[in-house]
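Here is a quick walk through a model, written for someone who likes to know the cut-offs behind each term. Have the viewer open while you read.

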Amino acid sequence: MKTKIVEIQKIGKVENPVHPESDYGDSKQYHIGVFIKEPVVGERFITGYINLQDRGINTSPVTEIIDENTFKTLNSIYKWKVYD
């Protein structure tokens, strides 16, 4: 099975975030990781490590799937795309 890579971008904060003070960086920042599975409401969106510079991401639990490439968590809104 060929490894798929996922690119994820934080595009904003939700209204009334659970942890408003926790922010991993600029909302334009991209993260790259090994794709594990699509976002699921109630679960964290997690990507695998590629190397020490591209360590992937582990979001707070997903609260809403907006469309096939956008979802909300307890704190943020993300866009994501998978590459073969």
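## Ground rules

This is a predicted model, so local features need pLDDT of at least 70 and side-chain atom pairs count only at pLDDT 80 or more, while totals for chains, interfaces and linings use all residues. Residues are numbered from 1 along each chain as its sequence is written, and side-chain values use heavy atoms, with hydrogens and water left out.

## The chain at a glance

Helices here are DSSP runs of H or I with at least four residues, strands are runs of E with at least two, and both are numbered from the N terminus.

Of the 84 residues, 31% count as buried; buried means under 20% relative accessible area, exposed means over 50%, and partly exposed lies in between (1.4 Å probe, protein chains only). The accessible surface is about 5,600 Å², and 51% of that belongs to carbon and sulfur atoms. Those areas come from the Shrake-Rupley method with a 1.4 Å probe, and for residues only the protein chains shown count as cover. Among contacts between residues at least 6 apart in sequence, 46% join residues at least 24 apart, where contact means heavy atoms within 4.5 Å.

Two strands pair if DSSP finds at least two bridges between them.

Strand 1 (5–13) is joined to strand 2 (residues 30–34) by 5 bridges and pairs with strand 6 over 8 bridges. Glu-7 shows both sides of this: Ile-32 is its bridge partner in strand 2, and Lys-81 stands opposite Glu-7 in strand 6.

Further along, strand 4 (residues 58–67) and strand 5 (residues 70–73) pair over 4 bridges and form a hairpin with 2 residues between them. Asp-67 stands opposite Thr-70 in strand 5. Another hairpin joins strand 5 to strand 6, again through 2 residues, and 3 bridges hold that antiparallel pairing.

In soluble globular proteins, nonpolar side chains tend to be buried together. Here the largest nonpolar core has 8 residues: Val-6, Ile-8, Phe-45, Ile-57, Val-62, Phe-71, Tyr-78 and Trp-80. Strand 1 and strand 6 (76–83) are the elements that give two or more residues to this core. A core in this sense is a set of buried Ala, Val, Leu, Ile, Met, Phe, Trp, Tyr and Cys residues joined through side-chain atoms within 4.5 Å.

Rings of Phe, Tyr and Trp (its six-membered ring) pair if their centres lie within 6.5 Å; planes under 30 degrees apart count as stacked, over 60 as edge-to-face and the rest as tilted. Why does the pair of Phe-35 and Trp-80 count as stacked? The ring centres of Phe-35 and Trp-80 are 6.0 Å apart and the planes sit at 10°, so that pair is stacked. This pair links distant parts of the chain, with Phe-35 in the loop between strand 2 and strand 3 (44–46) and Trp-80 in strand 6, 45 residues apart.

Trp-80 is buried, at a relative accessible area of 8%. Phe-71 and Tyr-78 are stacked too, because their ring centres are 5.4 Å apart and their planes are at 25°. Both residues are buried, and Phe-71 stands opposite Tyr-78 in strand 6. Phe-35, Phe-45, Phe-71, Tyr-78 and Trp-80 form one aromatic cluster.

## A loop residue to check

Asn-16 is in the loop between strand 1 and strand 2. Its phi is positive, about 55°, although Asn-16 is not a glycine. Is Asn-16 buried or exposed? At 70% relative accessibility, Asn-16 counts as exposed.
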